[in-house]
Amino acid sequence: MTIKQAVFYNVLSSILAFIGMVAGLFLGTINNFSPWMFTATAGIFLYVALVDMMPELSSGHTHPISKDKQPQGHWLEVVLQVLGLSMGVSIMLLIALYEHDLKGVFAEGHQEH
């Protein structure tokens with residue numbers, strides 16, 4: 001990619017980000033649309049993250065700690081990846097379930113200072 005192309009795509013990305021911000025602000029003012037906008041945004045983030053991670057998860061390469069034990073290294077890596085994904089989902093679920101309590105805790109802490 002040439003410098004001219006890189007600058008062009010950078011400017012194009014900036015312009016599209018600005019248009020997206022204006023559209024988000026406009027759509028956010030519509031009653032009962034915010035939950036749908038948040039849902040779509042979360043779905044897009046999950047899609048991008050999983051599309052980026054899935055080839056890495058299924059590549060079958062061994063972890064450096066167990067190069068000599070390929071089968072054990074592969075299963076250790078799979079277990080660690082599943083545990084990491086499960087922990088991330090669990091943390092997001094806990095935040096969603098206790099959102100109102102967390103708002104109260106952080107609001108109280110903010111008012112004391």
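What follows is a set of questions and answers about one predicted model.

Modeller: This is a predicted model in which local features need pLDDT of at least 70 and side-chain atom pairs count only at pLDDT 80 or more, while totals for chains, interfaces and linings use all residues. Residues are numbered from 1 along each chain as its sequence is written, and side-chain values use heavy atoms, with hydrogens and water left out.

Colleague: Which element of the chain has the highest mean pLDDT?

Modeller: The term pLDDT stands for the predictor's confidence in each residue, from 0 to 100, and the chain averages 80, with 79% of the residues scoring at least 70. Where pLDDT is low, the predicted coordinates should not be read in detail. Among the elements, helix 4 has the lowest mean, 76, and the highest, 92, belongs to helix 1.

Colleague: How many helices are there in the chain?

Modeller: Helices (H or I, at least four residues) and strands (E, at least two) are DSSP runs, numbered from the N terminus. Along the sequence the pattern reads α-α-α-α, and with zero strands in the chain, the number of helices is four.

Colleague: What percentage of the residues of the chain count as buried?

Modeller: A residue is buried under 20% relative accessible area, exposed over 50%, and partly exposed in between, using a 1.4 Å probe and protein chains only. Of the 113 residues of the chain, the share that counts as buried is 4%.

Colleague: Is Asn-32 buried or exposed?

Modeller: Asn-32 is found in the loop between helix 1 (3-28) and helix 2 (34-57), and its phi is near 60 degrees, a positive value in a residue other than glycine. Because its relative accessible area is 67%, Asn-32 is classed as exposed.

Colleague: Which side chains meet in a salt bridge?

Modeller: A salt bridge is a side-chain nitrogen of Lys or Arg within 4 Å of a carboxyl oxygen of Asp or Glu, and the structure holds one. The two partners both lie in helix 4 (residues 99-112), four residues apart, about one turn of the helix. At 3.6 Å, N to O, the side chains that meet are those of Glu-99 and Lys-103.

Colleague: What is the angle between the planes of Phe-8 and Tyr-9?

Modeller: Rings of Phe, Tyr and Trp (its six-membered ring) pair if their centres lie within 6.5 Å, and planes under 30 degrees apart count as stacked, over 60 as edge-to-face and the rest as tilted. The structure holds one aromatic pair. Phe-8 and Tyr-9 form this edge-to-face pair, with 5.3 Å centre to centre and an angle between the planes of 65 degrees.
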